[in-house]
Amino acid sequence: MIQVLVNGVFLGCLFAVVAVGLTLVYGVMEVPNFAHAGVIVLAAYTTWSVSHAGAPFAVAALAGIACGGLVSVLTEVLAYRWIITRPAAAPAVALGLLLILQNVALRLYGGEGRSLDTPYDTVLLKAGSVSLPGVKAALIVLAVLSLVALHLLLSRTSLGRAMRAVAQDREAAAMLGIPMRRQYSLAFLIAGLLGGVAAVAYGPTFQVSPYMADDVLLSAFVVVVLGGLGSVWGAVAGGLVLGVVEGLGAAYVSAAYQSAFGFLILVLILVLRPGGLRSTNARRVA
Amino acid sequence: MRSRTAAALTASAVLISTAACGSGGGSGDDTTVKIGAILSMSGIYSTLGAPQKKALQMGVEDLSKQGFTVAGKKRTMAISYADDKSDAATTGVTQLRELVQAKKLPVIAYGLGSDTYVPQLKRKPVAMLNLIDSVYPSILRLSPHFWRVRGDSPTYVPGCFYYAKRQLGIKSVSVITAKGEGYGEGLTQLVNKFAPAEGIKVAASTQFPVGSTDYSNAIRTAVAAKPDAVYLSSVTAVILPVLKQLRQSGYTGPVIHSAGINPNQAKDILGAQFNSIMKDNYDCAGTLPTTSDNPAAKSFAAAYQARYNEYPQDLTMWAHDFPFIVAAAMAKAGTTTDSAKIEKALAEIPIPSGTVSGWIAGDGKLFTERMARTASEVTTWCSNKQTLASAMTFDVNNGTVVQPNLKKDVCS
Amino acid sequence: MRVPAWTAAGWTRHAATAAGLTALSVVAYLLLKGVQGDRGQVVLLVVVWAIALTGLNLITGLGGYPSLAHVSFFGGGAYLSAYLLGKGLPMALCALLAVGGTMLAGLVVALVFSRTRGQYFAIGTMFFTAVTNLVLTNAADVTGGPNGRPVDLGFSLDTTLVLLAASLGLSLGAFYALSRSRFGDRLRAIREDEDLAQHVGVPTARVMLIAMVVSSAFGAWAGVLFAQYNGVIAPSQFTFVQGFLMLVAIGLGGGGRLLAPLVGSAVVIGFTQLIKLGPGVSQIVLGVLFILVTLLVPNGILGGITALRRRPRPTAPDVPAPAPARAKEVAS
């Protein structure tokens with residue numbers, strides 16, 4: 001039972017890191033960023049190719065995280081920026097970007113799964129009957145570190161305060177003279193870096209492939225809806241809840257339908273509260 | 001009104017022009033015999049299809065050197081290759097229609113997805129020779145037009161446990177199965193049948209959905225039963241990631257499977273730690289050309305390795321022999337185009353000369369009930385050499401291991 | 001742009017459309033019959049998709065809701081008919097039950113999601129398709145698992161071809177009639193401004209619900225015919241990427257326009273099946289094209305063509321009226 005919960009926490013941390021990236025972007029720009037999965041994939045492949053070329057894992061990981069940030073900002077500059085006045089077109093553009101990014105990965109690296117090696121591959125943490133492979137422990141540590149860093153950024157810096165202002169009320173923030181474009185790029189940069197962290201952290205347990213992030217992305221969207229679109233701490237809490245639910249479902253009902261348990265939660269929320277569980281700001285979702 | 005009619009006409013034109021794109025047409029050269037091959041050259045099973053194509057090309061070249069005669073005319077062979085992208089139901093069946101209905105080829109070699117081809121075979125029958133699918137229950141029951149150029153799982157799974165009991169002293173085994181993957185599910189059925197026959201208890205049997213990436217639940221239950229060995233049921237690309245997580249979870253005992261993993265694949269899929277992960281691995285499947293005692297197979301293996309710089313799997317030698325088998329059947333049938341007559345001849349041909357696989361004839365004929373087979377083998381991983389070595393060769397008769405040949409000093 | 005239905009001009013226009021669609025069916029039949037192999041597959045897929053997408057054109061094209069669930073209805077028809085055929089039921093009954101069963105599923109999906117809007121609707125329907133695919137992949141006893149299942153042949157090949165060709169014309173005809181009805185006007189009103197539509201009395205949730213159920217019928221019937229032609233079905237034919245490509249097809253064709261399904265499928269299928277640019281490249285091109293069309297030509301290829309033809313004569317009498325002005329008339 002404790003083992004299952006530990007697995008749930010592992011999944012939850014993964015979902016939280018991905019979901020925070022999604023919700024941040026949603027908060028400032030109202031875009032359901034399906035392309036985030038593509039960002040994660042490209043970050044993972046970058047890590048793989050740098051590490052495959054012989055660089056130490058830490059260097060490869062940093063390269064992957066940087067690549068995540070770069071690609072994410074590129075999606076904003078090249079595509080999302082142009083539909084800021086037409087939110088109805090956002091899902092279509094996001095899906096188009098996902099199609100492009102995943103197939104770029106397919107084109108560059110082929111469809112076969114790649115294995116990402118880490119220095120902590122063979123580490124196994126044990127406490128009584130509960131065991132946790134090093135790669136999973138590393139993910140939990142990385143997730144906590146990056147979320148704490150994000151928290152400090154949002155609460156302690158003027159940059160973070162500006163971003164929160166934009167998320168709360170875009171028009172008012174613009175009137176106060178906050179440079180909107182920079183905020184958009186910054187949100188995508190942070191989301192991309194977090195996507196990179198997710199890729200580096202869970203690539204080694206799973207295989208690196210063009211479709212590695214599909215399931216995670218769907219679960220992350222459930223987390224975002226669960227926590228309220230636009231809410232960072234809602235995403236963290238929602239991530240842990242969903243991780244534990246999926247972990248329990250996989251262990252006691254059926255592993256094959258792991259992500260279906262997330263869907264059940266989503267349906268429940270939408271039936272009970274079509275507007276999401278927690279509305280974080282007055283803006284209507286349309 | 002006019003604009004709408006015009007739009008309808010434009011739409012029709014679009015429909016016609018998309019249909020007319022691409023190029024068709026066959027060659028008028030009647031000394032070149034054309035046959036087809038649908039292989040998984042990309043996607044998850046590309047570890048099978050890509051080497052098959054290479055071996056088929058070598059087979060066609062070797063056949064041209066030897067030459068063959070049908071209806072008094074000397075012929076050469078050419079194969080139209082099609083990629084099913086590891087998705088027989090979507091891409092493979094389209095390719096089959098292309099090869100059979102548009103190109104009118106009389107014989108098709110193929111890999112996976114037998115059941116998906118059955119409805120199309122009912123509409124347009126053609127001889128289809130399978131080069132790899134040893135799944136249990138046999139594909140041959142699905143259609144009378146299916147033939148198999150290799151032995152099936154029941155001809156090698158019993159050897160796993162014969163060896164495991166005598167050489168490894170194993171009394172219990174846990175099985176981890178890729179659910180939804182036919183080969184793996186068939187293997188598990190056979191393990192449940194043949195392990196107890198050797199007095200080995202199945203301690204736990206767990207599953208993970210094929211396509212999933214986190215196997216921790218299946219691994220945990222399998223290892224918790226404290227088995228002497230773990231058997232992994234599925235193909236190479238599916239079980240290697242499981243093997244990696246199994247070792248990461250701390251399991252150090254023997255691992256048995258029937259996936260035909262070769263050193264290149266181990267390195268590609270497992271990464272830098274492949275040598276330690278592959279330790280204490282036992283693979284029971286068809287004989288490998290590299291470890292074979294048969295000189296023809298050995299020299300083929302050497303030629304393949306020299307040419308492509310990769311380890312030749314068991315399926316390469318079967319693929320190499322495929323053009324020879326078709327040529328022999330065509331020669332006997334006296335036709336290069338009539339699929340029904342060629343099929344009839346397949347049932348009657350002896351082992352064709354020029355083949356390298358070491359076929360085991362039944363009653364002097366290559367095919368027994370539409371199956372041709374070679375000997376089977378248990379191989380093990382040698383960490384000191386970072387490669388495979390033969391530990392035992394054998395044949396199976398009615399579920400019992402016969403002619404076992406245990407090797408000594410396997411890894412030295 | 002809208003011609004009153006009960007005038008002589010209206011009838012002439014309806015007759016011309018009917019004649020055009022009949023001609024389209026005949027052309028489709030000749031192509032399905034005459035073209036073999038790879039290119040035959042392209043013709044088949046274009047026709048099948050056009051039938052299925054006519055349904056999507058209602059909900060996404062007219063209603064403006066990006067549904068990613070449509071491919072599940074397509075798969076639902078295919079799998080249900082295959083399963084029932086396997087149980088030995090006669091083909092006509094199987095087809096009927098498959099379409100009916102899928103509409104029932106459509107109703108359930110609609111009940112859950114018709115009250116959600118925009119982003120939530122896209123996320124929800126995408127998740128629905130992902131879970132449907134999960135079931136198709138894992139419930140191997142019924143669905144044959146990830147490698148798919150063969151389909152018993154209930155219709156002869158020729159019957160299937162006739163049905164495909166006829167369904168193409170009839171589906172488009174049905175869309176033509178629906179889009180001209182009050183129901184079509186209500187959907188358009190929702191697309192233009194849902195709050196306003198609701199405010200003036202359009203029962204928006206109910207209209208969306210009906211649109212979703214009707215659209216699922218088109219998808220299911222296309223699925224039945226596809227399964228009969230192909231002889232085998234697999235989860236990989238009904239993934240959320242396919243569902244998204246369906247959306248791309250409608251967007252490229254020009255959402256809400258009669259021939260958008262046909263033009264859109266021809267472009268999407270043509271790109272993915274005919275142009276061999278190596279793995280992934282055709283999809284990259286499609287993605288770029290789709291984004292460009294979304295950004296630059298929101299009305300798609302057909303809308304773009306219409307706009308180009310209008311440009312030289314800006315005083316053309318049939319410039320569409322601004323939508324909000326119509327809101328009142330559709331509410332009653």
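Two residues are in contact if their C-beta atoms, placed from the backbone, lie within 7 Å. The model is predicted; local features need pLDDT of at least 70, side-chain atom pairs count only at pLDDT 80 or more, and totals for chains, interfaces and linings use all residues. Residues are numbered from 1 along each chain as its sequence is written, while chains are lettered from A and ligands numbered from 1 in the order in which they are written.

**View 1. Surroundings of B:Ile108.** Not counting residues up to four places away in sequence, B:Ile108 touches B:Gly36, B:Ala37, B:Ile38, B:Leu96, B:Leu99, B:Val100, B:Val126 and B:Met128. B:Gly36 stands opposite B:Ile108, which lies in β4(B). Strands (E, at least two residues) and helices (H or I, at least four) are DSSP runs, numbered from the N terminus.

**View 2. Strand β1 of chain B and its partners.** Two strands pair if DSSP finds at least two bridges between them. β1(B) pairs with β3(B) in the parallel sense over 8 bridges, and B:Ile35 stands opposite B:Ile79 of β3(B). β1(B) also runs parallel to β4(B), joined by 3 bridges. Because 6 of its 8 residues are buried, β1(B) is largely enclosed by the rest of the structure. A residue is buried if 20 or more other C-beta atoms lie within 10 Å of its own, exposed if 12 or fewer, and partly exposed in between; C-beta atoms are placed from the backbone.

View 3. Strand β6 (residues 146-149) of chain B runs parallel to β12(B), with 2 bridges between them. B:Arg148 stands opposite B:Met371 in β12(B).

**View 4. The largest nonpolar core.** This core has 354 residues, and A:Leu14 and B:Ile108 have the most contacts inside it. Helix α1 (residues 2-29) of chain A gives the largest share, 17 residues. Domain 1 (32-151 + 313-372) and domain 2 (157-257 + 261-291 + 376-406) of chain B both contribute residues, so the core lies between them. Domain bounds come from an automatic or database domain assignment. A nonpolar core is a set of buried Ala, Val, Leu, Ile, Met, Phe, Trp, Tyr and Cys residues joined through C-beta atoms within 7 Å.

**View 5. The hairpin of chain A.** Strands β1 (residues 124-127) and β2 (residues 130-133) of chain A pair in the antiparallel sense over 4 bridges. A:Ala127 stands opposite A:Val130 in β2(A). The hairpin formed by β1(A) and β2(A) has 2 residues between the strands, and A:Gly128 in the turn has a positive phi of about 65°. Chain A has 11 helices and 2 strands. Of its 286 residues, 60% are buried.
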